[in-house]
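Student: I've got a structure open and would like to talk it through with you. Can we go feature by feature?

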Amino acid sequence: MKRMRLRSVHILILAAVLLSMAWPVAAAPRGDTVTVQILALNDFHGNLEPPAGSSGRIGTINAGGVEYLATHIANLRAQNPNTVVVSAGDLIGASPLISALFHDEPTIEAFNLIGLDYNAVGNHEFDEGAAELLRMQKGGCHPTDGCLDGDGFAGADFQFLAANVIYSDSGKTIFPPYAVENCRGTKVAFIGMTLEGTQTIVTPSGVAGLTFLDEADAANVYVQELKRRGVETIVILLHEGGAQAGGDYNSCVGISGPIVDIVNRLDDEVDAVISGHTHNAYNCVIDGKLVTSAASFGRLVTKVDLTIDRKSGDVVEMQANNNIVTRDVAKDARLTDLVMRY
């Protein structure tokens with residue numbers, strides 16, 4: 001009996017081997033994951049021209065300038081058709097004269113050309129008030145100065161996001177709280193926010209009629225809403241950050257600051273946080289979440305790769321790298337024309 005049972009086992013094993021050899025395609029699942037690439041920056045502050053001095057370097061490497069930034073983003077985008085380009089706030093405001101003189105319209109036009117998808121509002125987006133920020137989105141000439149460059153202003157092709165900025169009288173958000181991208185059938189959500197303390201660092205006229213909510217509390221509300229919509233991959237674009245105690249632009253040595261507490265209080269369903277505000281660079285994992293910042297002025301672009309299970313929608317692998325926007329690549333001619341015009 002024992003010998004017969006062993007013979008039966010051998011027959012079953014042989015049959016399994018023959019089956020796997022006969023139908024190899026059926027044995028291997030196809031397209032079980034998709035990799036979404038996120039290209040991120042923060043605190044650009046209208047630096048269309050290459051910043052000067054230490055503000056234009058990462059370590060000893062000269063970096064920044066929108067003509068080079070556009071080329072770096074285009075080169076990275078070519079690596080993956082599933083690419084989303086995002087900004088974690090202060091895209092405009094506190095800008096050099098080339099942008100500030102024209103009420104930051106040149107910066108909006110530059111990022112239309114680059115192909116930015118989403119910008120979370122930062123504190124400097126409110127420098128000229130809510131009405132002016134809405135003009136940045138919708139377009140139209142400045143109510144006092146008109147269109148100083150001699151032509152019209154169409155506004156941003158990309159979407160501003162503001163999950164924690166509400167009108168005090170209605171409770172409605174000033175911009176959509178989030179957006180959902182469909183990448184080959186996989187949904188990726190981006191929730192955009194500024195720091196709760198925006199109202200304490202912007203002139204009262206800039207934030208009149210607005211209320212700024214706690215970052216983690218606001219995000220968690222929309223995380224649950226997104227979960228009900230069947231979205232499993234969630235990225236926060238947050239204009240608040242921290243600082244390292246040492247290390248380089250791709251390390252996470254002794255990270256501290258508001259970002260740590262906020263991330264620790266975020267729902268565990270959040271996968272990654274693209275941060276800003278402090279103008280520091282870091283590449284961290286906090287509470288199981290990827291947390292990055294790309295310094296400032298367009299000197300770095302963060303490349304985030306999320307590998308997502310197509311069936312469950314969950315992130316199964318993630319990694320990030322801060323890439324220096326070097327000036328040894330060809331300039332994007334479209335951006336050169338824009339810079340020269342202004």
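Student: Which cysteine does a disulfide join to Cys 252?

Tutor: Keep in mind that this is a predicted model. The S to S distance in this pair is 2.1 Å, inside the 2.5 Å cut-off for a disulfide. The partner is Cys 284.

Student: Where do Cys 252 and Cys 284 sit, and how many residues apart are they?

Tutor: Cys 252 is in the loop between S11 and H9, while Cys 284 belongs to strand S13 (residues 281-286).

Student: How many disulfides does a search of the whole structure find, and what pattern do they follow?

Tutor: The search turns up two disulfides. Besides the pair of Cys 252 and Cys 284, Cys 141 and Cys 147 are bonded, with sulfur atoms 2.1 Å apart. Counting bonded cysteines along the chain, the pattern is 1-2, 3-4.

Student: What is the handedness of the link between Cys 141 and Cys 147, and how accessible is each cysteine?

Tutor: Cys 141 is partly exposed at 41% relative accessibility. Cys 147 has 17% and is buried. The angle about their S-S bond is -105°, and the link is left-handed.

Student: Moving to strand S11 (residues 233-239), how many of its residues are buried?

Tutor: In a regular strand the side chains alternate between the two faces of the sheet. On one side of S11, Thr 233, Val 235, Leu 237 and His 239 are buried, and on the other Ile 234, Ile 236 and Leu 238 are too. Both faces are covered, and the count is seven of seven.

Student: Which strands pair with S11, and in what sense?

Tutor: Strand S9 (residues 186-194) pairs with S11 over seven bridges, in the parallel sense; Val 188 stands opposite Thr 233 there. Four bridges join S11 to strand S12 (residues 272-275), with Ile 236 partnered by Val 273. From S11 the chain crosses through helix H9 (residues 258-265) to S12 in a right-handed β-α-β crossover. The partners you asked for are S9 and S12, and the sense is parallel.

Student: How many residues of helix H5 (residues 105-114) are buried, and what covers them?

Tutor: The cover includes strand S1 (33-41), H3, helix H4 (97-100), helix H6 (130-138), strand S6 (159-161) and helix H10 (333-341). Among the buried residues are Glu 105, Phe 111 and Ile 114. H5 is largely enclosed by the rest of the structure because the buried count is nine of 10.

Student: Which residue takes a positive phi just after H5?

Tutor: Step just past the end of H5. The phi there is about 95°, and the residue is Gly 115.

Student: Last one: with which side chain does the side chain of Glu 67 make a polar contact?

Tutor: Glu 67 is in helix H3 (residues 66-77), and counts as buried at 6% relative accessibility. Residues touching Glu 67 include Ala 330, Lys 331 and Leu 335. The polar contact spans 2.6 Å, and the partner is Thr 336.

Technical notes. Residues are numbered from 1 along each chain as its sequence is written. This is a predicted model: local features need pLDDT of at least 70, side-chain atom pairs count only at pLDDT 80 or more; totals for chains, interfaces and linings use all residues. Side-chain values use heavy atoms; hydrogens and water are left out. Helices (H or I, at least four residues) and strands (E, at least two) are DSSP runs, numbered from the N terminus. Buried means under 20% relative accessible area, exposed over 50%, partly exposed in between (1.4 Å probe, protein chains only). A polar contact is a pair of N or O atoms within 3.5 Å; within protein, one must be able to donate a hydrogen and the other to accept it, and residues adjacent in sequence count only if both atoms are side-chain atoms. Contact means heavy atoms within 4.5 Å. Two strands pair if DSSP finds at least two bridges between them. A crossover is right-handed if, with the strands pointing away from the viewer, the path from the first strand over the helix to the second runs clockwise. Lists of a residue's contacts leave out its neighbours within four places in sequence.
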